[in-house]
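Subject: A structure for you to look through

Dear colleague,

I am handing over a structure that I would like you to read alongside the notes below.

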Amino acid sequence: MKIPRRIAQTLINSLKGGVVPRVGLPYITVGRKAEIDALLHDVEIIADGGASFRFIVGKYGSGKSFLLQTIRNYVMAKNFVVVDADLSPERRLQGTRGQGLATYKELIRNMSTKTKPEGGALPLILDRWISNVQQEVMASGDLSVTDPRLPPLVEKKISAVIGSLNEMVHGFDFTRLLTLYYRAYVSGDDETKAKVLKWFRGEYATKTEARQELGVTIVITDDDWYEYLKLFACFLNQAGYAGMLILIDELVNIYKIPNAITRQYNYEKILTMYNDTMQGKARHLGIIMCGTPQCMEDPRRGVFSYEALRSRLAEGHFAGGHKDLLSPVIRLQPLTHEEMLILIEKLADIHAGLYEYPQIVTQPDMVDFIEIEFGRIGADAHITPREVIRDFIEVLDIVYQNPEVKVRALLGSQDFTYAQNAVQEEAADASFAEFEL
């Protein structure tokens, strides 16, 4: 398996650091086929003008973020625009000090396309849209770039394209800003373009400031930022993209909010987004949120503490031990031992290729490693791929740097305690949660 060194280095560094790499995921993707197929079915619905909402639920390190990145890379290749953000104490869905708007800013900052996968794609999207409209008008009317008839015809075409947005909440102001951006684009007014982009990014603090600089009397706020994401989704489809996917990770940060009323406001925002997508009020829009089982199901603080969400999301009477991947909540099951073995085989190949040494970790060594990792008390219930991966990369690093060390002897020692500690900590957390209840 030949992998560019830059990508191999990113993969090893990210996985050893416990984070999900943004590049190279196809080289290490193992399992999750059913979950990926279910999410890709949603993608087709979004492209056809529909909307979807999913929760991905799993323990820390179980692969939620990995699954998000896998879907992110796939849909960008299918001409989708992706915006993503991790929630934190400073970024929520609703807040009294602008935490909801902070989440919006992060989403727009991370706006990504196939040609701009690292984020910051908004200026590129707008410029490409205007250029495409110009090309269409020139082709239909046999006009040249310097023809004086071109600008008014292009503006008329743009007005027709974005006219449908006027019917949506805040659509009039949104289309007005798009038209203003086009005029600045044509006249070469980079300063005005920058101001419009600033407005779209939610960076105007007051209406007075926006009125002075742009002549508009509205700004994006903590209360209405989601309405602008719906506008963006419809606009992006008009601009030639298949749709927009919103990825929100670390839902646990809402669960951790100490104030019950603030938590309820955040869950109410989730309910609004859920209802919009399920009832057809949003178009060309997909939303995926990730959280732990506790932050979803805790009856006192979790998502299920909000009765309107619990009644919509709780499993039905017939689910039992069967997986229902057509429901709004996808619960990640642990990877099997066989899938983990395939994964560490891939990592061994990548590591050997990166540092240019002949493969010295044999198949029996890898089998021994899996047996040791999952042989610990409580491992089947609590150990996650993140811990196993970090342990295995540690083995590879030690063996590479110390050729005299025999893999089997190393695995037989008591040197590797990371995953064991993680198992003990997870069990302790579970006991504490039971004590709280």
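In helix H12, the buried residues are Thr 262, Arg 263, Asn 266, Tyr 267, Lys 269, Ile 270, Leu 271, Met 273, Tyr 274, Asn 275, Asp 276 and Thr 277, where buried means under 20% relative accessible area, exposed means over 50%, and partly exposed covers what is in between (1.4 Å probe, protein chains only). Helices (H or I, at least four residues) and strands (E, at least two) are DSSP runs, numbered from the N terminus.

Before going further, please note that this is a predicted model, in which local features need pLDDT of at least 70 and side-chain atom pairs count only at pLDDT 80 or more, whereas totals for chains, interfaces and linings use all residues. Residues are numbered from 1 along each chain as its sequence is written, and side-chain values use heavy atoms, with hydrogens and water left out.

**Helix H12 and its surroundings**

The buried residues of H12 pack against strand E1 (51-57), helix H10 (225-238), helix H11 (252-255), strand E4 (285-291), helix H13 (293-297) and helix H14 (307-313), a contact being heavy atoms within 4.5 Å. H12 itself covers residues 260-278, and its 19 residues should span 27 Å at 1.5 Å a residue, which agrees with the 27 Å between its end C-alpha atoms; the expected span is 1.5 Å times one less than the number of residues. At the N-terminal end, H12 is capped by Asn 259, which places a side-chain oxygen 2.9 Å from the backbone nitrogen of Ile 261. This is judged as a polar contact, that is, a pair of N or O atoms within 3.5 Å, where within protein one must be able to donate a hydrogen and the other to accept it, and residues adjacent in sequence count only if both atoms are side-chain atoms. After H12 comes Gly 280, which has a positive phi, near 80 degrees.

**The sheet**

Five strands form an open sheet in the order E2-E3-E4-E1-E5, and their pairing is parallel; two strands pair if DSSP finds at least two bridges between them. Strand E2 (80-86) and strand E5 (329-331) are the edge strands, each pairing on one side only. From one strand to the next the twist averages 20 degrees, with axes taken as lines fitted to C-alpha atoms, for helices over the stretch in contact, and angles running from 0 to 180 degrees between N-to-C directions.

Where does E4 stand, buried or exposed? Seven of the seven residues of E4 are buried, so this strand is largely enclosed by the rest of the structure. In a regular strand the side chains alternate between the two faces of the sheet. Both faces of E4 are covered, with Leu 285, Ile 287, Met 289 and Gly 291 buried on one side and Gly 286, Ile 288 and Cys 290 buried on the other. E4 pairs with E1 in the parallel sense over seven bridges, and the partner of Arg 54 in E4 is Ile 288. Strand E3 (residues 243-249) is joined to E4 by five bridges and runs parallel to it, with Ile 246 partnered by Ile 287 of E4.

Two helices lie across these strands.

Tyr 241 lies in the loop between H10 and E3 and counts as buried, at 6% relative accessibility. Its contacts, not counting residues up to four places away in sequence, are Asn 79, Val 81, Thr 113, Ile 125, Arg 128 and Leu 236.

Thr 179, in helix H7 (residues 171-187), is also buried, with a relative accessible area of 14%. Ser 159, in helix H6 (residues 150-162), is partly exposed, with a relative accessible area of 40%.

**The whole protein**

The secondary structure comes to 20 helices and five strands, and buried residues make up 51% of the 437 residues.

With best wishes
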